[in-house]
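Take a look at the structure first, and then we can go through it together.

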Amino acid sequence: MMGATHTESLLSVTDLVKHYPITKGIIRERQVGAVRAVDGISFDLQKGETLGLVGESGCGKSTTGRLLMRLEQPTSGAIRFEGDDWLSLSRKDLRKARKDMQIVFQDPFSSLNPRMTVGEIVGEPLLVHGAAKGADLEQKTAKLLEVVGLDESHARRYPHEFSGGQRQRIGVARALALNPRLIILDEPVSALDVSVQAQVINLLQDLQRDFGLTYLFIAHDLAVVRHISNRVAVMYLGKIVELAGKAELYANPMHPYTEALLSAVPIPNPKARGTRTRILLEGDVPSPVRPPSGCRFHTRCRIAKDICSQQEPPFVDFGSGHKCACWVKCG
């Protein structure tokens, strides 16, 4: 994997919010609440690094990825990509700018058009953006398939003729077509068998090394995130509760939620398991419609104090980029 010396910010996210309104009435004219999917998150993504974004299902990870791509419009906040205000771009300018930011979706079975050949799927971005046509388009499409470990003859086949791992490679080839700077990987291996997961992860690392790519890697599997990421951000109920370098986070987790997640990661070596205690979280994840007051994790936290339910903890930097929001551990 690439070294983790990064100084230049490619993407900067500040106080990003996405609330989905809940409406009532015959024509849905009256708002009675909101689903707080993403509720004020901030982070930077450095050129050439991989930032892992982890958390339980429903915490807002995938919504964050869609907001960055502007597949959905944020309620508020700021996104700057290579210094440009990403949210102020017109539809025309956004279409041009999207060449530099692409996304690979979670499900390789539903993210590819079954009525298009693989060649048409991979070459479509080049055709739409006027980057190639005719024989040049065929040549570039064949090259993209080769880069992700597929054969140029596959261009004439349809997605249903391929395995899950091969389909995800097709999705990666499509994302690479326009030479992006940043690729958002939304649970790219969660639908694949474990052995195939490793192959796709290795492919992503090779591509990052060869083409200088930057990744936002969204996942719930901390073992996979540990393998590919330089830094890790932990999300809970629309908030980032901890952010640190990979080695630091896994060796010295500060937030009780991070500790619980890491305690559930399988350890292959039986001798290394001996001293570790599994932390079982009580209760269910609260509703994002009515999130708890104060720290959102306090309803399931084994060390919560009175202040945890009364005031939201600040996101404190403890040095070396290790940030945490917890009154007990980080206050």
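At what angle do helix H3 and helix H5 pack, and how far apart are their axes?

## Ground rules

This is a predicted model, where local features need pLDDT of at least 70, side-chain atom pairs count only at pLDDT 80 or more, and totals for chains, interfaces and linings use all residues. Residues are numbered from 1 along each chain as its sequence is written, and side-chain values use heavy atoms, with hydrogens and water left out.

## Two packed helices

Helix H3 covers residues 118-128 and helix H5 covers residues 164-176; they pack at an angle of about 30 degrees, with their axes 7 Å apart. That angle makes H3 roughly parallel to H5 (angles under 35 degrees count as roughly parallel). Helices here are DSSP runs of H or I with at least four residues, strands are runs of E with at least two, and both are numbered from the N terminus. Axes are lines fitted to C-alpha atoms, for helices over the stretch in contact, and angles run from 0 to 180 degrees between N-to-C directions.

On the H3 side, the contact (heavy atoms within 4.5 Å) is made by Val118, Ile121, Val122 and Pro125, and H5 brings Ile170, Ala173 and Arg174. By class, this contact has 6 nonpolar, no polar and 1 charged residues. Ala, Val, Leu, Ile, Met, Phe, Trp, Tyr, Cys and Pro count as nonpolar, Asp, Glu, Lys and Arg as charged, and the others, Gly among them, as polar.

## The largest pocket

The largest pocket has a volume of about 430 Å³. Of its 15 lining residues, Met69, Gln102, Ile103, Pro125 and Arg174 are the closest to its centre. Strand E6 (101-104), H3 and H5 each supply at least two lining residues, and the largest share, 3 residues, comes from H3. The lining divides into 8 nonpolar, 3 polar and 4 charged residues.

On a 1 Å grid over the protein atoms alone, a pocket is an open set of points with protein on both sides within 12 Å along at least five of seven lines, whereas a cavity is a set where a 1.4 Å probe fits but cannot get out; lining residues have an atom within 4 Å of a point. Grid points are joined across faces, edges and corners, and a volume is the space filled by probe spheres set on the points.

How many cavities of 30 Å³ or more does a search of the whole structure find? It finds 2. The largest cavity has a volume of about 60 Å³, and its lining includes His255, Cys295, Phe297 and Trp327.

How values were computed: Parallel < 35°, antiparallel > 145°, perpendicular 65-115°, else oblique.
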